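Let's work through a few exercises together, one step at a time. Keep the sequence and the 3D view open while you read.

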Amino acid sequence: MIQTYKSKKAFSMMLAIATIVIMGTLTTLIMNVAGKTMKATTQQYQKEQATLLARSYTELALLYVSSYDRSASGDCLQTIVGDYGEPNNLYKIQTEIRYIGKASELVGCGRTIPTTPLLNKGTGFDETMSIIVDVYIRYKDFDDLTTDRNVTFHRRTLQKL
């Protein structure tokens, strides 16, 4: 009778240890999945923010170019630089503008793409003016603030004026 009582105690102790090990393993797996989900959600949020900023700065470039008086200043608007976000300006935005079109209207524009006879075969492309807007959004990953690596989002738009 004494041996049976001791074996029941030992079995209960082994069962308790096994239960603790299984629960610890499950908790570790759940925490791992939750961490990965949070990281993916953060990255998706930052990319969406960069996409919206790129669209906004493209529209801003179109607004500035359409209201910029090239004849009075003798040059063309070529870059727009900005920051967005509070702790240390999380998003750095650089917009580069290149002009395509009639050479006489693009005097003073540093970065132009002149039209060629191949482009305007009777289409009148040489009589119009267009711009290429490149928007670069650079930001640090929220989950990896220790390194100096930046994520860069790029959007290119061709817009006829």
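**Exercise 1.** Find the salt bridge between arginine 156 and aspartate 134, and work out which strands it links.

*Solution.* 
Step 1: Start with the rule: a salt bridge needs a side-chain nitrogen of Lys or Arg within 4 Å of a carboxyl oxygen of Asp or Glu.
Step 2: Arginine 156 and aspartate 134 pass, with their closest N and O atoms 2.6 Å apart.
Step 3: Now place the partners: arginine 156 sits in strand S5 and aspartate 134 in strand S4, so this pair links distant parts of the chain, 22 residues apart. Strands here are DSSP runs of E with at least two residues, helices are runs of H or I with at least four, and both are numbered from the N terminus.
Step 4: The cut-offs are under 20% for buried, over 50% for exposed, and partly exposed in between (1.4 Å probe, protein chains only).

Before you go on, a word on the model: it is predicted, so local features need pLDDT of at least 70 and side-chain atom pairs count only at pLDDT 80 or more, while totals for chains, interfaces and linings use all residues. Residues are numbered from 1 along each chain as its sequence is written, and side-chain values use heavy atoms, with hydrogens and water left out.

**Exercise 2.** Which other residue forms a salt bridge with aspartate 134, and is aspartate 134 buried or exposed?

*Solution.* 
Step 1: The partner is arginine 98, with the closest N and O atoms 2.3 Å apart.
Step 2: Aspartate 134 lies in strand S4 and arginine 98 in strand S2, so the pair ties together parts that are 36 residues apart in sequence.
Step 3: Aspartate 134 has a relative accessibility of 1%, so it counts as buried. Arginine 98, at 22%, counts as partly exposed.
Step 4: The side chains of aspartate 134 and histidine 154 make one at 3.0 Å.
Step 5: List the contacts, meaning heavy atoms within 4.5 Å. Leaving aside neighbours within four places in sequence, aspartate 134 touches residues including Gln94, Thr95, Glu96 and Arg155.

**Exercise 3.** How many salt bridges does the structure hold?

*Solution.* 
Step 1: The count is three.
Step 2: One of them joins the side chains of lysine 92 and aspartate 83, at 3.9 Å from N to O.
Step 3: Lysine 92 is partly exposed at 42% relative accessibility, and aspartate 83 is partly exposed at 41%.

**Exercise 4.** Find the aromatic pairs and describe how their rings are arranged.

*Solution.* 
Step 1: A pair of rings is described by the distance of the centres and the angle of the planes. Rings of Phe, Tyr and Trp (its six-membered ring) pair if their centres lie within 6.5 Å; planes under 30 degrees apart are stacked, over 60 edge-to-face, and the rest tilted.
Step 2: That rule gives two aromatic pairs.
Step 3: Tyrosine 84 and tyrosine 91 have ring centres 6.2 Å apart and planes at 45°, so they are tilted.
Step 4: Tyrosine 91 and tyrosine 139 are tilted as well, at 5.3 Å centre to centre and 50° between the planes. Tyrosine 91 is in strand S2 (residues 91-101) and tyrosine 139 in strand S4 (residues 129-139), 48 residues apart.
Step 5: Tyrosine 91 and tyrosine 139 are both buried, while tyrosine 84 is partly exposed, with a relative accessible area of 41%.
Step 6: Ring pairs link Tyr84, Tyr91 and Tyr139 into a cluster.

**Exercise 5.** Describe the chain as a whole.

*Solution.* 
Step 1: The chain has two helices and five strands, in the order α-α-β-β-β-β-β along the sequence.
Step 2: Of its 161 residues, 23% count as buried.

Conventions
Polar contact = N/O pair within 3.5 Å; in protein donor to acceptor, adjacent residues only side chain to side chain.
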